[in-house]
Amino acid sequence: MRLKVIIPVVLLSISAGVLAFNKLGHADDPPGRYEVIMNLVGQMLKEGHYQPKAIDDAFSREVFNKYVRSLDVEKKFFLKSDINRLEPLATHIDDELKGAPVDCFRNINTLIKQRVAEAAAIYPEILSKPFDFTVDEKVTLDPEKLDYPADENARKEAWRKVLKYRTLEKLTDLQEMREKAKDGDSAKTKTDAQLESEARVKVKQLYDRYFDRLKTRQNDNDRFNLYVNAITTTMDPHTDYFPPDEKRAFEEQMAGKFFGIGAQLKEEGDRIKVVSIVTGSPSWKQGQLKANDVIQKVAQGNAEPVDITGYPVEDAVKLIRGKKGTPVKLTVKSVDGTTKDITIVRDEIVTEETFAKSAIINGQHKIGYIYLPEFYADFNDRNGARSAEDVAKEVAKLKAEKVEGIILDLRFNGGGSLQDVVQMAGLFIPEGPVVQVRSRGGDAVVLRDRDKNVQYDGPLAIMVNEYSASASEIMAAAMQDYKRAVIIGSGQTFGKGTVQRLFNLDDFYPVKDGGSLGALKLTQQKFYRANGGSTQLKGVASDVVLPDPYYDVAERKDSDALVWDEIPRASFTPWINPVPAEALKKNSEKRMATSPAFKLLTENLNTLKKLEKQETYSLNLQTFKAEQKTNTAALKKYDAVNDKVKELSIVNIRSDMEKLGNDSSKIARNKDWIKVRTKDIYLDEAVNVMNDLIAMSLPKMERKPNR
């Protein structure tokens, strides 16, 4: 849910390399890395944030509580006495942001390491003995309903109940497998006692990996990064601190490319396995790395290798990716059992799944479909991929195929480049304002489409859901304000109406040893619709509302989110053939009211929402099974919705198929991409709405002057 913008921004009154460190009575030693980052972040929040909160004791307490929760989400490490003991430091964080030593972080960090080590000795002891599942007792899993354990005995009891619940889950799975096993299968003859023992072993393996990551894969720097982000996200949810590797990952995602080896990886137990090799990539050219190989160690050139056993795949990827032209050495165990070192030189890898893609939906009318996963833009490469240019190409291909309408799918699109969304909106409207942007203390600046030409002037629909955010909301809002397109989807979109800019901290305080301090993604502006209303918090309300399974994810759920407001309307002329939104809405509501698929979907969503509200879970085997039977039946009914959806006829444009060539991995991914959409209940209804829109637009088509 990102937004990056290339327009004038607030100047920060921080001189490069000059910081005022207030030592608050401490010896005047040179500041450490943590102090430098904290002081920089504090000044940037104060000087550059769009709407900064007062950095005072109240702000500190909120940060303190957020950070402690992030370290102990399930409240199974800290004791109540720990929180009370740390409480005096809760008002120290604002001082740390002004240059004081980071005592709050260091004290919490020391304590959490101690408590994790203690918990690491608790779970094996509990799992070494059988559980009694005939006892009637319950466990509460929602941490919001829990307090920190009063003492060590209470903490051990909390662990016992959670471990018993996890074992109960595994046990019922094993019992179900036993029931389904064929005669003669060893699983068929296992007793409940044997299955209970096997379930405890599986749970222990799960927690062994969990604690291994906590103890050996999460270091002081990782916890400090969480600490700084607790500060930045208290200012607002989209101001983030990026350590160096995450900064690189963010820029890679925005650009749709990175520098790596071109191998798709997955976690398999505690191992990292190669799924496939990207054709034409460095791994493909080098030739030694193969699908199903297990990567055991990663070394940067000739440096000491890092054992990645137990690593999550995202952490392994961070080690394998790097600068273009640099070597990475992998220690690999092949399928044939041999172990060897493979050196691969990193090069550019383009992630095509990031880019716009189109297809044709055949039926009552020939409809063009464009899928846009994000508003990507390569800000470091003038010739890099841009989402607006790519969508224009897809529109041109669809027009050549003589489609009668176009559906632009922005579901799960978290945003991206503001420049691109302005340019993209211009493909569908004549010259005019697309969005208004206001900086801190300044007047709104109107960002306009200045091209009077309209690339596509036919029927247009935009699909959204609660995960459609930022630039997606600008696009949907502009098309809605101009009455150019019908918006189909959730009751409202995410509600992110703010603009961020990425600042390299090294530009303000160069590090002598050549290391990096990371970067701050800082909220500096707020954007508003052409009609003057903000998309912040409220998002964009769909014209045609579909029952949505995605709930409780929107901006309004975050207490630190900026508020909704509005500014004067920009001057613009609505589309000459305004979308008949109300008529389309009524037709859709009639269809859904009689649709077996939507009836079942609505019923199932209501059931699932009730299940979400369950606060306690039984640890009695029979009661648990009865609860699971009810839940499973509800989930199966949800899965059955697709069976009632008619299969759409979706095909690729011929030129796109030709580009795939003989690359089997690309062909397989494309096949999956098409298959997912053929039984999509939401896309199916969007097609129905588009059919209505085409029918309603036909008499007016000859009156459109904007070609």
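## Trp159 and its surroundings

Leaving aside neighbours within four places in sequence, Trp159 is in contact (heavy atoms within 4.5 Å) with Lys76, Phe77, Ala119, Ile122, Ile126, Tyr207 and Phe211. Before going further, please note that this is a predicted model, in which local features need pLDDT of at least 70 and side-chain atom pairs count only at pLDDT 80 or more, while totals for chains, interfaces and linings use all residues. Residues are numbered from 1 along each chain as its sequence is written, and side-chain values use heavy atoms, with hydrogens and water left out.

One of the partners of Trp159 is Ile122, which has its place in helix α5. Helices (H or I, at least four residues) and strands (E, at least two) are DSSP runs, numbered from the N terminus. Ile122 counts as buried because its relative accessibility is 10%; buried means under 20% relative accessible area, exposed over 50%, and partly exposed in between, with a 1.4 Å probe and protein chains only. Not counting residues up to four places away in sequence, Ile122 touches Arg155, Lys156 and Trp159. Ile122 and Lys66 are 56 residues apart in sequence, and their C-alpha atoms are 26 Å apart in space.

## Two nonpolar cores

Trp159 also belongs to the largest nonpolar core, which has 70 residues. A nonpolar core is a set of buried Ala, Val, Leu, Ile, Met, Phe, Trp, Tyr and Cys residues joined through side-chain atoms within 4.5 Å. The members that touch the most other members are Phe78, Ile108, Trp159, Leu163, Phe211, Tyr227 and Ile231. Helix α5 (residues 103-127) gives this core its largest share, 12 residues.

There is also a second, separate core of 48 residues, and Leu372, Phe375, Ile406 and Leu418 are among them.

## The chain as a whole

Stepping back, the chain contains 20 helices and 24 strands. Its radius of gyration is 28 Å, close to the 27 Å that the globule rule gives for 707 residues, so the chain is as compact as a globular protein of that length. Here the radius of gyration is taken over C-alpha atoms, and the globule rule is 2.2 Å times the number of residues to the power 0.38. The C-alpha trace spans about 80 × 75 × 55 Å along its principal axes.

Of the 707 residues, 51% are buried. Among contacts with a separation of 6 or more, 77% join residues 24 or more positions apart. The chain exposes about 32600 Å², and carbon and sulfur atoms supply 50% of that area, computed by the Shrake-Rupley method with a 1.4 Å probe; for residues, only the protein chains shown count as cover.

## Covered helices

Which helix has 11 of its 11 residues buried? That is α14 (residues 471-481), which is mostly covered. Its buried residues include Ser472, Glu473, Gln480 and Asp481 as well as Ile474, Met475 and Met479. Just after α14, Lys483 takes a positive phi of about 55 degrees.

Another helix to look at is α10 (residues 282-286), where Ser283 lies. Ser283 counts as buried because its relative accessibility is 1%. Not counting residues up to four places away in sequence, Ser283 touches Ile261, Gly262, Ala263, Ile277, Gln288, Leu289 and Ile344.

Beyond residues up to four places away in sequence, Val135 touches Lys164, Leu619 and Asn620. The C-alpha atoms of Val135 and Gly441, 306 residues apart along the chain, are separated by 63 Å.

Leu141 is found in the loop between β2 (138-140) and α6 (152-180). With a relative accessible area of 25%, Leu141 is partly exposed too. Again setting aside residues up to four places away in sequence, Leu141 touches Tyr165, Glu615 and Tyr617.

## Positive phi in two loops

Asn292 sits in the loop between α10 and β7 (294-300). Its phi is near 80 degrees, a positive value in a residue other than glycine. Asn292 counts as partly exposed, at 42% relative accessibility.

Phe412 lies in the loop between β14 (405-409) and β15 (416-417). Phi of Phe412 is also positive, near 65 degrees, and at 44% relative accessibility this residue counts as partly exposed.
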